[in-house]
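This briefing concerns the predicted model shown below.

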Amino acid sequence: MFDRTAAERLLWSRVRDIADWPKPGVLFRDLSPLMADPHAFGTAVDLMAVELGRGRVDAVVGIEARGFPYAAALAYHLGAGFVTLRKPGKLPGEVHRESYDLEYGSASLELHQDALSSGTRVIIVDDVLATGGTACAAIDLVRRTGAEIAHLAVIMDLPSLGGGERVRDRGVAVAALLDGDAPVH
């Protein structure tokens, strides 16, 4: 079994804080070093797999782009399929599209109309949950297919930005490995 405290320390040791990016006053939590370290990346995926449980879902839905590596690895661990939510114009064929607001603008996500079906149990995965715009758009897209969402799983939640609350208000549980607002790591 995992020593959760030691695992969190490892993950935090691979998070790089970048002040004033992308604009003054913002502290950006960069998870690139975490993904680049095979032990830290594997630990993150293993922790998610333990928390979410094998056999509980049919598919893991990854949000472009940084949700992809975690979602694909998690799908493998859980014995589930892997489905991508892409930026507009990246998927051939018929798609559902959802536009949403970001902290610094707006964007859209697309999902193949036949990627999921009614009753399919899914986990949606991204790297960071901030304001919840992307996560809520993902939830809306997945629900359009009739699929059921078991969890939104993220490496880091930034609770002070309200995204977790927005997701839970939509009736979806949030599974986060790290609290990005935690004062000590």
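Arginine 170 counts as partly exposed because its relative accessibility is 30%; buried means under 20% relative accessible area, exposed over 50%, and partly exposed in between (1.4 Å probe, protein chains only). The model is predicted, so local features need pLDDT of at least 70 and side-chain atom pairs count only at pLDDT 80 or more, while totals for chains, interfaces and linings use all residues. Residues are numbered from 1 along each chain as its sequence is written, and side-chain values use heavy atoms, with hydrogens and water left out.

**Salt bridges**
- The side chains of arginine 170 and aspartate 140 meet in a salt bridge (3.1 Å, N to O); the term denotes a side-chain nitrogen of Lys or Arg within 4 Å of a carboxyl oxygen of Asp or Glu.
- Arginine 170 lies in the loop between α6 (163-169) and β9, and aspartate 140 in helix α5 (residues 133-144), so the pair ties together parts that are 30 residues apart in sequence.
- Aspartate 140 is partly exposed, at 23% relative accessibility.
- The count comes to twelve salt bridges.
- Aspartate 17 forms a salt bridge with arginine 29, with the closest N and O atoms 3.1 Å apart.
- Aspartate 17 belongs to strand β1 (residues 16-19) and arginine 29 to strand β2 (residues 27-30), so this pair ties together parts that are twelve residues apart in sequence.
- A network of salt bridges links Arg16, Asp30, Arg66 and Asp127.

**Helix α3**
- Helices (H or I, at least four residues) and strands (E, at least two) are DSSP runs, numbered from the N terminus.
- The end C-alpha atoms of α3 (residues 38-52) are 21 Å apart, which agrees with the 21 Å that its 15 residues should span at 1.5 Å a residue; the expected span is 1.5 Å times one less than the number of residues.
- Among the buried residues of α3 are Phe41, Val45, Leu47 and Met48.
- Aspartate 37 caps the N-terminal end of α3, a side-chain oxygen lying 2.8 Å from the backbone nitrogen of histidine 39.
- Glycine 53, whose phi is positive, near 80°, follows α3.

**Aspartate 126**
- Aspartate 126 is placed in strand β7.
- Aspartate 126 is buried yet has no salt bridge, and the nearest side chain of opposite charge, arginine 66, is 7.7 Å away; Lys and Arg count as positive and Asp and Glu as negative, with His and the chain ends not counted.

**Overall fold**
- The protein has six helices and nine strands.
- Buried residues make up 45% of its 185 residues.

Terms used
A polar contact is a pair of N or O atoms within 3.5 Å; within protein, one must be able to donate a hydrogen and the other to accept it, and residues adjacent in sequence count only if both atoms are side-chain atoms.
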